[in-house]
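Here is a guided walk through one protein structure. Keep the sequence and the 3D view side by side as you read.

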Amino acid sequence: MRALRLDFLHPLPRPHWAAWLLLAAGLGLAAWVGWQGRQVQLALDEAVAAAPKTTDAVARRQERAKAGEDQTAARQAREQLAVPWGDLFVRLEMNRPKRIALVALEADARKPEATLTAEARSVKDMLAWIELLKGEAGFASVTLASHAVQEEDPQRPLRFVLRLVWRT
């Protein structure tokens with residue numbers, strides 16, 4: 001059997017010449033990339049300095065335009081909230097006979113107009129209700145837009161669409 005030789009104080013081997021060459025190439029490349037980055041940063045700083053600055057007048061004009069948009073949106077919201085929806089619903093419900101069923105109500109807050117879809121048992125009931133809305137309910141205009149008998153329904157109701165304009 002061979003003798004085991006343990007040498008804990010053995011000096012480290014010297015690096016090979018190729019390792020020194022790779023280290024020098026890496027350091028050179030890192031220096032070149034750093035120099036290029038610095039050149040790009042200097043060019044960017046010059047371009048920013050040469051760019052025209054926004055003047056105070058332009059900035060004020062932009063702020064006024066934004067404030068005008070905000071004011072327009074706030075005014076539109078106030079107008080929509082100021083529409084007397086409750087009054088419209090009360091007028092319709094207080095003057096609705098039992099033979100009329102309200103199906104849909106589509107209203108536009110920008111103008112005092114609404115489209116009402118309802119059903120009646122007969123043409124006579126429909127016409128009587130239209131006259132009631134024109135007279136006692138206080139609508140400025142009540143116009144019959146369309147009407148049709150619902151054939152698929154066993155009770156065959158008359159569905160009609162009214163255009164309402166109310167007084168503000």
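Start with helix α4, whose buried residues are Asp125, Met126, Trp129, Ile130 and Leu133. Those residues cover an arc of only 135° around the axis, which puts them on the same side of α4. The arc is that of the directions from the helix axis to the C-beta atoms. Buried means under 20% relative accessible area, exposed means over 50%, and partly exposed lies in between (1.4 Å probe, protein chains only). Helices (H or I, at least four residues) and strands (E, at least two) are DSSP runs, numbered from the N terminus.

A word on the source. This is a predicted model, where local features need pLDDT of at least 70 and side-chain atom pairs count only at pLDDT 80 or more, while totals for chains, interfaces and linings use all residues. Residues are numbered from 1 along each chain as its sequence is written, and side-chain values use heavy atoms, with hydrogens and water left out.

Back to α4. The face turned away from its buried side carries the exposed residues Lys124, Glu131 and Gly135. An α-helix has 3.6 residues a turn, so residues three or four places apart point the same way. What do the buried residues of α4 pack against? They meet α3, β1 (100-108), β2 (113-120), β3 (139-149) and β4 (158-166). Contact here means heavy atoms within 4.5 Å.

Now turn to α3. Its buried residues are Leu88, Arg91 and Leu92. Seen down the axis of α3, they fall within an arc of 95°, so they line one face of the helix. The cover over these buried residues includes β1, β2, α4, β3 and β4. Aspartate 87 also belongs to α3, which runs over residues 85-94. It counts as partly exposed, at 34% relative accessibility.

Next, look at the charged pairs. How many salt bridges does the structure hold? There are 4. A salt bridge is a side-chain nitrogen of Lys or Arg within 4 Å of a carboxyl oxygen of Asp or Glu. One of them joins glutamate 93 and arginine 96, at 3.5 Å from N to O. Glutamate 93 is partly exposed, at 44% relative accessible area. Arginine 96 is partly exposed as well, at 30%.

Another salt bridge pairs aspartate 125 with arginine 99, with the closest N and O atoms 3.8 Å apart. This pair links distant parts of the chain: aspartate 125 sits in helix α4, arginine 99 in the loop between α3 and β1, and 26 residues separate them. Is aspartate 125 buried or exposed? It counts as buried, because its relative accessibility is 17%. Arginine 99, at 46%, is partly exposed. Leaving aside neighbours within four places in sequence, aspartate 125 is in contact with Arg99, Ile100 and Ala120.

Move on to strand β2, where threonine 117 lies. Threonine 117 is buried, with a relative accessible area of 15%. Not counting residues up to four places away in sequence, threonine 117 touches Leu102, Val103, Ala104, Arg159, Phe160 and Val161.

Then find arginine 156, in the loop between β3 and β4. Its side chain meets that of glutamate 151 in a salt bridge, at 2.5 Å from N to O. Arginine 156 counts as partly exposed, at 45% relative accessibility. Its phi is near 50°, a positive value in a residue other than glycine. Most residues other than glycine have a negative phi.

Finish at the largest pocket, which has a volume of about 180 Å³. Its lining is Lys98, Arg99, Ile100, Ala101, Glu119, Ala120, Arg121, Asp153, Gln155, Arg156 and Pro157. Strands β1 and β2 each supply at least two of the lining residues. On a 1 Å grid over the protein atoms alone, a pocket is an open set of points where a 1.4 Å probe fits, with protein on both sides within 12 Å along at least five of seven lines; lining residues have an atom within 4 Å of a point. Grid points are joined across faces, edges and corners, and a volume is the space filled by probe spheres set on the points.
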